[in-house]
Amino acid sequence: MGLFNRFKKKTPEPAPEWPKPPKEDTMAILLMDRVLDGIDPAIALLQRAFGDSAVSDIDHSHPLVPAFTVKVDGLEFWCSYLPMPVPQEEQDIAAKAQYNLFLSPEEQEAFFHHKSFWVLAQKGGGKTLEGKRRVCWSFSLVCAALLELEGAVGVAVTNTALLVSRENYLSYRARMEEIGRDDPDWFPVPLWIWFYRGMKEDKPTIQTQGLAEFGLPELGFFAPELPPQDTLNYLFTMSSWQITGKQLYRNMALIPLTEELEVVSKQDGGTIFFIGG
């Protein structure tokens with residue numbers, strides 16, 4: 001039996017609190033290291049990725065904020081370009097970059113000094129967990145296509161502190177193509193879920209932020225004793241299994257991580273913490 005095939009519950013559980021209805025709308029921003037001369041190169045990239053008829057409703061009515069709609073997998077994504085840095089009161093990109101575990105110093109600097117950005121939104125497609133998965137998968141394809149633009153820096157996911165660099169995003173895009181959206185064990189979690197170090201009761205934690213957007217509990221390890229990379233690997237897999245519907249973690253369950261190690265789950269508000277690992 002493989003390591004990650006051992007996340008099975010051993011004890012009876014109370015009535016489930018999750019899944020809850022996901023957030024129906026999905027949004028992100030894509031940052032650039034320059035101000036673009038126009039949106040035609042972006043439209044060309046999207047047409048190359050999804051077909052000539054994928055882009056419609058091109059709107060130049062605002063002289064500085066052009067917009068258009070992209071259709072992917074039967075879903076419509078609204079895209080608008082703003083030739084300015086992200087206003088700090090909307091998202092503090094510098095603060096997000098400072099505390100991101102997966103950005104190199106050079107990538108942090110690129111986020112700090114971005115010059116313009118795209119707003120990307122899908123409205124109303126995420127009414128169910130299945131629908132939210134579908135939206136986020138296709139949304140990732142749209143982002144990846146736009147990240148082929150010269151000067152693209154990366155993506156910031158709305159309602160989380162997550163920043164994903166261009167290099168990492170395109171790497172996961174290739175992985176998506178390799179695995180396919182029907183794999184029940186895998187979802188491109190690092191494109192949607194932030195993993196961060198925190199503190200609780202004066203003890204360190206490693207936690208997720210973003211699963212609530214899917215109507216799912218956030219996950220975390222309380223006072224982890226495992227090496228940080230092992231803890232992150234478990235959280236990646238556990239998050240993926242929740243999003244794909246394969247496994248839902250609940251309060252007061254025993255979860256075997258290996259043949260020798262079990263953790264107990266304990267709910268604290270909207271988070272399931274794993275204790276003992």
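Visitor: Which residue forms a salt bridge with Lys 200?
Guide: This is a predicted model, where local features need pLDDT of at least 70, side-chain atom pairs count only at pLDDT 80 or more, and totals for chains, interfaces and linings use all residues. Residues are numbered from 1 along each chain as its sequence is written, and side-chain values use heavy atoms, leaving out hydrogens and water. A salt bridge is a side-chain nitrogen of Lys or Arg within 4 Å of a carboxyl oxygen of Asp or Glu. For Lys 200, the closest N and O atoms are 2.3 Å apart, and the partner is Asp 268.

Visitor: How many residues apart in sequence are Lys 200 and Asp 268?
Guide: Strands (E, at least two residues) and helices (H or I, at least four) are DSSP runs, numbered from the N terminus. Lys 200 lies in strand E8 (residues 194–200), and Asp 268 lies in strand E12 (residues 262–268). The pair therefore ties together parts separated by 68 residues.

Visitor: Is Asp 268 buried, partly exposed or exposed?
Guide: Buried means under 20% relative accessible area, exposed means over 50%, and partly exposed is in between (1.4 Å probe, protein chains only). Asp 268 has 35% relative accessibility, so it counts as partly exposed.

Visitor: Which residue in the turn between E8 and E9 has a positive phi?
Guide: Two strands pair if DSSP finds at least two bridges between them. E8 and strand E9 (residues 203–209) pair in the antiparallel sense over seven bridges. They form a hairpin with two residues between them. The turn residue with a positive phi, about 50 degrees, is Glu 201.

Visitor: Which residue in the turn between E12 and E13 has a positive phi?
Guide: E12 pairs with strand E13 (residues 271–275) in the antiparallel sense over five bridges. Lys 266 stands opposite Phe 273 in E13. This hairpin has two residues between its strands, and the one with a positive phi of about 65 degrees is Gly 269.

Visitor: How many residues apart are Arg 166 and Glu 148?
Guide: Their side chains meet in a salt bridge (3.8 Å, N to O). Arg 166 is in helix H5 (residues 166–179), while Glu 148 is in the loop between helix H4 (129–146) and strand E6 (152–157). The pair links distant parts of the chain, 18 residues apart.

Visitor: Which residue is linked with Asp 33 and Arg 34 in a network of salt bridges?
Guide: Arg 34 forms a salt bridge with Asp 33, with the closest N and O atoms 2.7 Å apart. Arg 34 is partly exposed at 33%, and Asp 33 is partly exposed at 35%. The network also includes Glu 150.
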